Amino acid sequence: MRADNSSTICVCRSVRELGIAIGFLVPPVLVPNVEDRDKLAYHISIMFYIIGGVATLLLILVFIVFKEKPKYPPSRAQSLSYALTSPDASYLGSIAQLFKNLNFVLLVITYGLNAGAFYALSTLLNRMVIWHYPGEEVNAGRIGLTIVIAGMLGAVISGIWLDRSKTYKETTLVVYIMTLVGMVVYTFTLNLGHLWVVFITAGTMGFFMTGYLPLGFEFAAELTYPESEGISSGLLNISAQVFGIIFTISQGQIIDNYGTKPGNIFLCLFLTLGAALTAFIKPDLRRQKANKETPENKLQEEEEESNTSKVPTAVSEDHL
């Protein structure tokens with residue numbers, strides 16, 4: 001039975017970002033910027049038919065291929081989690097238990113701030129690019145694609161690093177700080193008039209911002225073990241959606257009234273708050289501890305404790 005492979009999990013979760021990347025690239029191609037409403041409606045309907053077909057195919061594959069859980073637990077920690085899970089445990093009871101975990105609550109907030117900033121940036125990216133570079137709708141989609149592809153690469157590299165170092169808190173904090181730095185650089189270079197600069201700064205920001213998303217799920221699984229990862233992941237997603245809605249509406253209003261730079265500074269302020277709160281999260285890696293608690297380790301610890309308890313007696317006899 002092998003240990004949890006963070007790089008594999010980060011790769012699997014970053015596949016979701018591939019769909020977002022396609023979403024940036026394809027719509028500007030399928031729906032051109034035309035004045036005729038009838039033609040615009042036609043192109044939009046074609047795009048919706050394609051999305052509906054793909055979603056239906058994926059739904060069928062879920063019913064056919066997916067299983068509730070693997071035949072054999074992928075790790076000792078997962079095996080212990082199955083054994084510790086009570087059949088009478090309630091969903092609301094698990095949520096209440098998770099919210100008693102201060103470290104997880106801080107992670108829910110910080111993850112929501114980061115993911116919410118990403119959702120707002122993704123939603124308003126086309127508007128911000130067109131504001132400074134009129135007629136560049138297709139390149140706006142390519143910039144979004146660059147952000148997500150760079151983030152997928154960042155997620156894979158972070159996963160490999162976690163496998164080797166197990167430094168969940170440190171890695172999460174560094175990636176968060178670099179996300180803030182990337183956002184600041186993007187904010188002050190967007191209006192320079194050079195589109196290639198926007199590609200570079202947006203890609204650098206995406207490497208850390210999008211790469212942080214699977215890291216948050218992994219850190220949550222460590223902090224909340226042996227609770228269900230589905231519940232902790234769901235709470236992280238709820239936080240991301242709530243902050244995403246708030247940030248998108250707020251930043252949109254700021255852009256309309258004051259411009260793109262104040263709108264991006266608005267996100268920078270909340271990313272600063274998120275980085276500060278991340279520093280207060282204690283790295284209570286419960287899943288890693290469960291993986292290390294093998295029967296051989298326990299027997300060795302018991303023998304060491306037994307030998308330690310005999311030492312004072314032997315010393316006192318020699319002294320006498």
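This is a predicted model: local features need pLDDT of at least 70, side-chain atom pairs count only at pLDDT 80 or more; totals for chains, interfaces and linings use all residues.
Close-up 1. Helix α6 covers residues 137–165. Just after α6 comes K166, with a positive phi of about 60°.

**Close-up 2. K166 in the loop between α6 and α7.** The loop that holds K166 lies between α6 and α7. Is K166 buried or partly exposed? K166 has a relative accessible area of 27%, so K166 counts as partly exposed.

**Close-up 3. The whole protein chain.** The protein chain holds 12 helices and 0 strands. Read from the N terminus on, its elements run α-α-α-α-α-α-α-α-α-α-α-α. The protein chain has 320 residues, and 41% of them count as buried.

**Close-up 4. Helix α7 against helix α8.** Helix α7 takes in residues 168–189. Helix α8 takes in residues 195–224. The axes of α7 and α8 come within 8 Å. They cross at roughly 155°. An angle over 145 degrees counts as roughly antiparallel, and α7 and α8 are therefore roughly antiparallel to each other. Their crossing is left-handed. By class, the contact of α7 with α8 has 16 nonpolar residues, 6 polar ones and 3 charged ones.

**Close-up 5. Helix α7 against helix α10.** Helix α10 is made of residues 260–278. How do the axes of α7 and α10 meet? They come within 9 Å and cross at roughly 165°. The cut-off of 145 degrees is passed here too, and α7 and α10 are therefore roughly antiparallel to each other. The crossing of α7 and α10 is left-handed.

**Close-up 6. F217 in helix α8.** F217 is a residue of helix α8. Is F217 buried or exposed? The relative accessibility of F217 is 8%, so F217 counts as buried. The cut-off for burial is 20%. In sequence, F217 and G234 are 17 residues apart. In space, their C-alpha atoms are 9.7 Å apart.

Close-up 7. Helix α5 covers residues 102–132. It has 31 residues. From its first C-alpha to its last, α5 reaches 43 Å, close to the 45 Å expected at 1.5 Å a residue. Where does α5 bend? The bend is at L124, by about 55°. Helix α5 is mostly covered, with 23 of its 31 residues buried.

Close-up 8. Helix α9 covers residues 229–258. Its 30 residues reach 42 Å from first C-alpha to last. That is close to the 44 Å expected at 1.5 Å a residue. G259 follows α9. Phi of G259 is positive, near 115°.

**Close-up 9. Helix α5 packed with helix α9.** At what angle do α5 and α9 pack? The angle is about 40°, with the axes 6 Å apart. Helices α5 and α9 are therefore oblique to each other. The crossing in which α5 passes α9 is right-handed. By class, the contact of α5 with α9 has 20 nonpolar, 10 polar and 2 charged residues.

Definitions and conventions:
Residues are numbered from 1 along each chain as its sequence is written. Side-chain values use heavy atoms; hydrogens and water are left out. Axes are lines fitted to C-alpha atoms, for helices over the stretch in contact, and angles run from 0 to 180 degrees between N-to-C directions. Helices (H or I, at least four residues) and strands (E, at least two) are DSSP runs, numbered from the N terminus. Angles under 35 degrees count as roughly parallel, over 145 as roughly antiparallel, 65 to 115 as roughly perpendicular and the rest as oblique. A crossing is left-handed if the near helix is turned anticlockwise from the far one by less than a right angle, and right-handed if clockwise. Ala, Val, Leu, Ile, Met, Phe, Trp, Tyr, Cys and Pro count as nonpolar, Asp, Glu, Lys and Arg as charged, and the others, Gly among them, as polar. The expected span of a helix is 1.5 Å times one less than its number of residues. The bend at a residue is the angle between axes fitted to the seven residues ending there and the seven starting there. Buried means under 20% relative accessible area, exposed over 50%, partly exposed in between (1.4 Å probe, protein chains only).
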